[in-house]
Amino acid sequence: MIYMQSAQKIHIAEQDYLEMERALPQKHEYYRGEIYTMGGESFRHTKIASNMHIYIGNFLRKKPYDIFFSDLRVHIPKAQFYSYPDLVIICGEPQYADNQFDTITNHKIIIEILSPSTEYNDKEVKFGLYTFSESFEEYILVHLSKPEIEVYHKVQGSWLYDTNSGIDKELYINKIDCLIPFAEIYNGVIFDNDVIKINRT
């Protein structure tokens, strides 16, 4: 299986990767001995991630879930894979890969924001790697170029797929019973020279 193309492919052990990652300012993902440099994020990408983090974070207050930005590393031991999802939701107390408390293994929901350069890997490669984790139950893919969201959720061992398109639609996150209007997710994002704005008064 081909993972991500990278200008620098260095085969290293997992522990060496973690030591390097904790010492460097730039983030890298890891898959079976190879590291992959992560690119920068656009305004639109950052805005969508921020909108979702705020909305879902408020919804999860006083519930046994937490949502985290991409600075939190996720580890899937069975796949020998470390990544930085755009957003990750966990249920209950975090389960850490080691005593550094910066790498979790019990992700419940992962949200990735798709760009042209990452779409193939997020949809076709990372999804398969994330499914090696028994705790993983929902995968949400948010498009940058249009108001469209794809959702995979696990039901009795099988993955079901759904997609919705249009700023008037809503995203339902099954595992936390949360309904989010697309207008909230894409608030402040420009499509076809028009900025999506919502009135909360």
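Trainee: What makes one face of strand E13 covered and which residues are on the uncovered one?

Mentor: Strand E13 covers residues 178-181. Cys-178 and Ile-180 form the covered face, while Leu-179 and Pro-181 form the uncovered one. Strands here are DSSP runs of E with at least two residues, and helices are runs of H or I with at least four, numbered from the N terminus. This is a predicted model, where local features need pLDDT of at least 70 and side-chain atom pairs count only at pLDDT 80 or more, while totals for chains, interfaces and linings use all residues. Residues are numbered from 1 along each chain as its sequence is written, and side-chain values use heavy atoms, with hydrogens and water left out.

Trainee: Why is Leu-129 called buried?

Mentor: Buried means under 20% relative accessible area, exposed means over 50%, and partly exposed lies in between (1.4 Å probe, protein chains only). Leu-129 has 1% relative accessibility, so Leu-129 counts as buried. Leu-129 lies in helix H3, residues 119-130. Pro-77 is 52 residues away along the chain, and the two C-alpha atoms are separated by 10.0 Å.

Trainee: Is Phe-101 buried or exposed, and why?

Mentor: Phe-101 counts as exposed because its relative accessibility is 54%. Phe-101 sits in the loop between strand E6 (87-91) and E7. Its phi is near 60°, a positive value in a residue other than glycine.

Trainee: What about Gln-156, buried or exposed?

Mentor: Gln-156 has 83% relative accessibility, so Gln-156 counts as exposed. The loop between strand E10 (148-155) and strand E11 (158-165) holds Gln-156. Gln-156 is not a glycine, yet its phi is positive, about 50°.

Trainee: What is the strand order in the open sheet of five strands?

Mentor: The order is E2-E1-E5-E4-E7, with mixed pairing. Strand E2 (34-37) and strand E7 (103-104) are the edge strands, as each pairs on one side only.

Trainee: How many bridges join E4 to E5?

Mentor: Three bridges join strand E4, residues 73-76, to strand E5, residues 81-83. The two run antiparallel. His-75 has Tyr-82 in E5 as its bridge partner.

Trainee: How do you know that the chain agrees with a compact globule?

Mentor: The rule is 2.2 Å times the number of residues to the power 0.38, with the radius of gyration taken over C-alpha atoms. For 201 residues that gives a radius near 17 Å, and the chain has 17 Å, so the two agree. The C-alpha trace spans about 50 × 35 × 30 Å along its principal axes.

Trainee: What share of the residues counts as buried?

Mentor: Of the 201 residues, 46% count as buried. The chain has four helices and 15 strands.

Trainee: What share of the contacts joins residues 24 or more positions apart?

Mentor: A contact means heavy atoms within 4.5 Å. Among contacts with a separation of 6 or more, 51% are between residues 24 or more positions apart.

Terms used: Two strands pair if DSSP finds at least two bridges between them.
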